[in-house]
Structure formats: C-alpha cells, structure tokens
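Welcome! Please take a look at the structure below, and then we will walk through a few of its features together.

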Amino acid sequence: MYVTGRLPALVALGVVPVVLLGSAGIAPWPVAGLWLLLCALAAGVDAAVAPDPRLLQLTRTGPTRARLGERVDTALVVHNGGARRLRGQLRDAWQPTAGAPERRARLDIPAGERRTIPIPLRPRRRGELRSEFVVVRSGGPLGIGGRQARIEAPGAVRALPPFTSRRHLPSRLARLRELDGNTSVQVRGQGTEFDSLREYVRGDDVRSIDWRATARAGTTMLRTWRPERDRHVVIIVDTGRTSAARVGDGVRLDAAMEAALLLAALASRAGDHVHLAMFDRVLRARVTGVDGSALLPAMVDAMAPVEAQLIDTDWDAAFAQVRTLTSRPSLVVLLTAQDSPESSRGFLGSLGAVARRAHVLVGTATDATPDLTGAASGGRRTADDVYRAAALERSARDAARVAAAIARAGGDALSASADDLPPQIADRYLALKAAGRL
C-alpha cells in the first residue's frame, strides 16, 4: 500500500473546522481525531479497491548490446492480466550508469490489453548493465491511495567500447591498398611477396624491372610486390594498476582498447591473424582463432566487462600468454605504461625473451594536457607552475629512460596521447609491412 500527495492536502482541510471550533470555545480534538480517522479509512479503502499490480505480465524488448554513450531504445511490453482497468505508474530499476530516465512512466491499461512503455538508455559505463525488477504502483479511484508491487523482470544490456578511433580506419585502409598493389603505388621490401608483372611507367623503381620478362614481351616489364600475409599479430593489454591512471577524458585502459581495436581491424583486412589477451595476474579476456568480419564483434564483446585492477601485473605470466595464443608470432603489441623505471622493472626483465622471437612494439597512452605543456615551455609565474613543470620534466625523463631500456631489450617504444596512440600504432604496423619486417 502507498499514499499519494493528495492525502496530506485532504488532512489539511480538517484544520479549518478545528480552528473554528477552537475559536468558539469548543474542544476541537475529538473532531480532529475523527477527521484523521476518516482520512486514513479513505486511503485504506482506496488502496484496497485498486487493481492488483501483481497481475501484470512484463516482457522486455530491444537490443542487448550497444556502444558506450549511444542511445539504446529498449521497451517494456506490459500486459494487464486482471479483470479491471489499471491506472498507475511504473519505474524500471536500471542501475544509474545505464542512463535510464528518472521520471516514472504512466500506465493506463484496460483489462486484457497490453501497452508498450519505451525505456531509452544511454550507457555511461562499459560492462554489463542490469535491471532485475520493475516497481508498479496501481492507483485507487479516489487518487489518495493504491497498491505497490515489485515484479521480477530481468534485463541486461552490454555496453561495448565506443571504438571512436574507427574514424582513422579509412585512411589507413587506403594506405594498405597501396601496399597491396591495388593502386599505382607499388612498394618493394625485404620479405615481401611477388604479386604480378606490369609495364614500366616513368617514376617506377628501376630496381623492380624484370629483365627476362622484358626480353620476352619486347617492352619494359616491372615486378610488383605486396606485403606478406598470414602473419600473427598478438595484442597484450595490461589491466593492472597502471591501466587505471587517468589519461585525457578516460583511463589508460580505454585508450589501450581503442588502439587494440584499430590495429585489429587493420591487420584483419591485411590478411593477418590477430590474437588478444587482457591480463594482470589472471586472464581477463582472450580472443584467438577468430578472423574476418567476426573478429571485431568478438573483441568488443570480450573487452566490455573488463576493468582495471589495482594490482601489479605478473609479466612472466603475461608473456606466457603469447605462447598459448600462437607458436609463431610476427608482431607482439604490448599496451601498458612506461612511466617510471621502478614500476617497469618486472616488465623490462621479461621483455628480452619475447623480443628474440618476434618484433615487439610497446605502446603507452600519456596525459599530454595543454596546461602541463605550457608550464614546461614557459610562463612559470607561480610556485604551482614551477612544481607542475618540474613534474612534467621528471615524467618525461623517466619515460625516456624506460623507452631506452625497451630499445636495448630489442623492442620498439611508442608513447602518445590517448587520441593519438591508436593511429600511431596503426601507422607503425603499416611501416613494418612496407619495410617487409612482418
């Protein structure tokens, strides 16, 4: 049972006769008590005759997956299984990060009929968003009381990574087509595969002339080349405590996911096999043996529930995941932090063994905010500016030391802002392809 805002107004009406009786010298308390009793009785009767909300049958409709920040149009189909018309309100119990509307939906359902109640969502956090029940209030004919019931209606929407870096994909695919020989720009590098023969055009590399084919054809013929395919690209995303650091508008883990998705989309279109592992001390997500159009859906689905863990990453176990994913990796991309030599000691100690078996690229998202950059370049007017500039210089020096250690171990270090890291890793992949190193 519940009461509406009309009941206090009804009770307040009894103040007038109470005041008049008191001014006439008559004891008002019996009248006040009687009025309160009548109001309570009216509310009880109104709630008793209200339709039973437990007779409603609820069915959820709508998508079960959506990108973070995008609108999701879900709905509740409410069927009135009772014998009376039900008027009232409905509130869906989505968690706050689902972005459900705060207002209660109004119900007016005749007996035996059904209505569809739209519940638009706008997820504000990655992962599994759930609603286990719905609360329905059924009002009585007087509008001062009613019944309230909790009805089980489980629903879930998985908020996927937004993949905002996909805007960089068309330009990188155009460069990939150039490497594949689908345009007039041809490349030749160590380890590339012979593609076809064509006539020489002014400006072509004369080193690619095929003299035997030229003698047979009677005109200058040129060999074209394409990057090798069927290579194995392993992406290891660090989900340890350093991935929880704020970078730009999000955390480092989100930037690593964006970089992994862009690289996976590009490598898959290049004909390579992509493997993913998200690891700290245990395996949080794994995608392997998936190629083609099914790769990206599998990756975003695996990434969605993963959150940064406030523990140190076990890099020996993380690098062991490379061997479980494939026995012959060509490129291993490690998305982690390279902020300080102290926190990178375990990572650097295990890096050499992997670098001897494959080309290793270490990518890090940094927080290159404009105010810190300005503090480092000049305009140090206050003590805060000086300390801020000193912190930036210290961070840059530590990152440079870690990058040098990665290079000595045989890896390749890349550091950029959260927005610039995904396209820079994609560019480095294309450069390795063009040079024939994959």
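What follows is a short tour of salt bridges, a sheet and a surface patch.

The model is predicted, so local features need pLDDT of at least 70 and side-chain atom pairs count only at pLDDT 80 or more, while totals for chains, interfaces and linings use all residues. Residues are numbered from 1 along each chain as its sequence is written, and side-chain values use heavy atoms, with hydrogens and water left out.

Let us begin with the charged side chains. A salt bridge here is a side-chain nitrogen of Lys or Arg within 4 Å of a carboxyl oxygen of Asp or Glu. By this rule the model has 23 salt bridges. The table shows some of them.

| Pair | Distance, N to O |
|---|---|
| Arg 60 and Asp 92 | 2.8 Å |
| Asp 73 and Arg 71 | 2.7 Å |
| Lys 433 and Asp 272 | 2.9 Å |

Helices (H or I, at least four residues) and strands (E, at least two) are DSSP runs, numbered from the N terminus. Are Lys 433 and Asp 272 buried or exposed? Both are buried, where buried means under 20% relative accessible area, exposed over 50%, and partly exposed in between (1.4 Å probe, protein chains only).

Now to Arg 60 and Asp 92, whose side chains also meet in a salt bridge. Arg 60 lies in strand S2 (residues 56-61) and Asp 92 in strand S5 (residues 86-94), so this pair ties together parts that are 32 residues apart in sequence. Arg 60 is partly exposed at 24% relative accessibility, whereas Asp 92 is buried at 8%. Elsewhere, Arg 65, Glu 128, Arg 158 and Asp 301 are linked in a network of salt bridges.

Next comes a sheet. Strands of a sheet pair through backbone hydrogen bonds, either parallel or antiparallel. In this model, three strands form an open sheet in the order S2-S4-S7, with antiparallel pairing; two strands pair if DSSP finds at least two bridges between them. Its edge strands, S2 and S7 (114-121), each pair on one side only. Eight bridges join S4 (residues 72-80) to S7, and His 79 stands opposite Arg 114 in S7.

Finally, look at the surface. Leu 34, Leu 37, Leu 38, Leu 41, Val 45 and Val 49 form a nonpolar patch with about 550 Å² of accessible area together. Patches are made of residues with over 30% relative accessible area and no salt bridge, joining like charges within 9 Å and nonpolar side chains (Val, Leu, Ile, Met, Phe, Trp, Tyr) within 5 Å. Accessible areas come from the Shrake-Rupley method with a 1.4 Å probe, and for residues only the protein chains shown count as cover. Leu 34 belongs to helix H3 (residues 29-49).
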